[in-house]
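Colleague: I would like to learn how to read a few features in this model. Where do we start?

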Amino acid sequence: MFPPFPQKKAAAILNDLVHSLDSGCVRLVQVSRPSEERKNQGVMLGVLVCRDSDGNEVSLVTNSGNAKKLLCDDFCNMVVVPPIASNEEIERALSDNDREIHEITEKLESAQNQQPSILTDSDLQHLRKQRDLLCARSLEKVYDLYNFHCIDSKIRSLKEICSEYNGGKLPPTGTGDCCAPKLFDYAFANNLVPLSLAETAYPVVSGGTGSAACVKTDLLLTSPCDERCGILLPAMLGLRILYRDDSICVVNKQSGLLSVPGRGEDKQDCIESRFRRLFPESVEIKQPAVHRLDMETSGVMILAFTKSAHRELNRQFEAKEVQKEYVALLDGVLPKLGISQHGEMELFFRLDIDNRPHQIWDRKNGKSAITEWKILCVERYHAPDGTTRNATRVLFLPHTGRTHQLRLASADSHGFGVPIIGDTLYGHCDKDERLMLHARKVIFTHPVTGERMTIECAPEF
């Protein structure tokens, strides 16, 4: 993951923490029996600098896992953040099935060592399935312990987050035990505003007498991990950040979320409002979005922290200096319709004033919409209801930025005549289906450094 907050301020405190650990002023103590495979492994250390409601800065510190604990009583103004689920809670959750799992494992190992085996293949298969079921139940009980305070004041369970941000799949073991989720959970539970986040690995190697000895290295900052934090942090922060600096922020907008506020109280939740909420001290402008994506479209979206950055990026979009790429899954087989592998089309559309927000073909009064396309492949689409059908994966390169341009290029009879799967306006959307359109890449010039930047984000479909 890209670091969601500036690192500098927290890194200075983290550096002091590491020196204090090396000198013994701060200790990292074992609070549970170490496993053999992890006995000499190090931990991650994390610092989150926040601001409280009185305007004071508060520094939160924690370490990864729940087997070790920081003792920082003499370290100035630090709040040591506990784990989401304690080691004792986890052991209690595992205890119900632990004995039976061990008994089955012993039977399997005994049968493996006996020749010929006293158990048939069917018996062995039954025991393995029984053990897998018990292990899954134990893991479910552990996951039930993990609940996270989020920036919108809601408390979300690990299962709820996985259903929305991980396709419903169970997460890797240890999800929720990294530094960043612990720190943000504590901050949001105590109405603290995050300002700076830094993490580093703290190595532990075996000493000459067999005791664990800490060895200091140069402070190398790391980002929150993709495997575990990549599931949790977007739900906790409200945004999936692809890139951020003092001038701009690039996010992966999820399908179903507005880019900017709409009319009415129920349409205020959007990328812009979440952006201002996450960075209340850094956003200079009321409307920081540089461009928009349709509510049902997912993908790369750029926002600006400063007025000057917003103005320059707007200029680049108007001057057609920004390149965008989209991936779509169309509900049919384009090659069978005689559509070429690569081409460009120009269509003319305007708003249908009697059927907003639909756009309709109008050669005379419509605005020109130029779209380049490349057929990537024909594949099987697996619908939410369990059925499958053929679909065409298409790469779109729009040369203009008209409303619903790619949806119309696909669905309208003047274009392909084949709608994008999940299109509620120009096609068909089944239950639990989404619009299969994703902005996968944007190329632009950084408004301050002048560097040509490419930000990519693969689609989830």
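Modeller: Start with polar contacts. A polar contact is a pair of N or O atoms within 3.5 Å; within protein, one must be able to donate a hydrogen and the other to accept it. Keep in mind that this model is predicted.

Colleague: Which backbone atom lies 2.9 Å from a polar atom of the side chain of His 291?

Modeller: The backbone nitrogen of Ile 302. His 291 itself sits in the loop between α7 (271-278) and β14 (298-304).

Colleague: Is His 291 buried or exposed?

Modeller: Buried means under 20% relative accessible area. His 291 has 9% relative accessibility, so it counts as buried. Leaving out residues up to four places away in sequence, His 291 touches Val 300, Met 301, Ile 302 and Phe 317.

Colleague: Now helices. How many of the eleven residues of helix α5 are buried?

Modeller: Nine, so α5 (residues 179-189) is largely enclosed by the rest of the structure. The buried ones are Cys 179, Ala 180, Pro 181, Lys 182, Leu 183, Phe 184, Asp 185, Ala 187 and Phe 188.

Colleague: What covers the buried residues of α5?

Modeller: The cover includes strands β2 (43-51), β3 (57-63), β6 (147-149) and β8 (193-202), along with helix α6. Just after α5, look at Asn 191: its phi is positive, about 55°.

Colleague: What describes two packed helices?

Modeller: The angle between their axes and the distance between the axes. Here, the axes of α5 and α6 come within 10 Å and cross at roughly 15°. Angles under 35 degrees count as roughly parallel, so α5 is roughly parallel to α6. Their crossing is left-handed.

Colleague: Which residues make the contact?

Modeller: From α5, Ala 180, Pro 181, Phe 184, Asp 185 and Phe 188. From α6, Cys 229, Leu 232, Leu 233, Met 236 and Leu 237.

Colleague: Last, the nonpolar core. Which members of the largest one touch the most other members?

Modeller: A core joins buried nonpolar residues through side-chain atoms within 4.5 Å. In the largest core, of 85 residues, they are Leu 60, Phe 184, Leu 330, Phe 396 and Phe 416. Helix α6 (residues 229-237) gives the largest share of this core, seven residues. Another core lies apart from it, with 18 residues, including Leu 17, Leu 45, Val 49 and Leu 70.

Colleague: What does Phe 396 touch?

Modeller: Not counting residues up to four places away in sequence, its contacts include Tyr 326, Leu 330, Trp 373, Leu 406 and Phe 416. Lys 324, Glu 325 and Glu 372 are also among them.

Key
Residues numbered from 1 in each chain as written. Predicted model: local features only at pLDDT ≥ 70, side-chain atom pairs only at ≥ 80, totals over all residues. Heavy atoms only, no water. Buried < 20%, exposed > 50% of the residue type's maximum accessible area, 1.4 Å probe, protein only. Helix = DSSP H or I, 4+ residues; strand = E, 2+ residues; numbered from the N terminus. Contact = heavy atoms within 4.5 Å. Axes fitted to C-alpha atoms, helices over the stretch in contact; angles between N-to-C directions. Parallel < 35°, antiparallel > 145°, perpendicular 65-115°, else oblique. Left-handed = near helix turned anticlockwise from the far one by under 90°.
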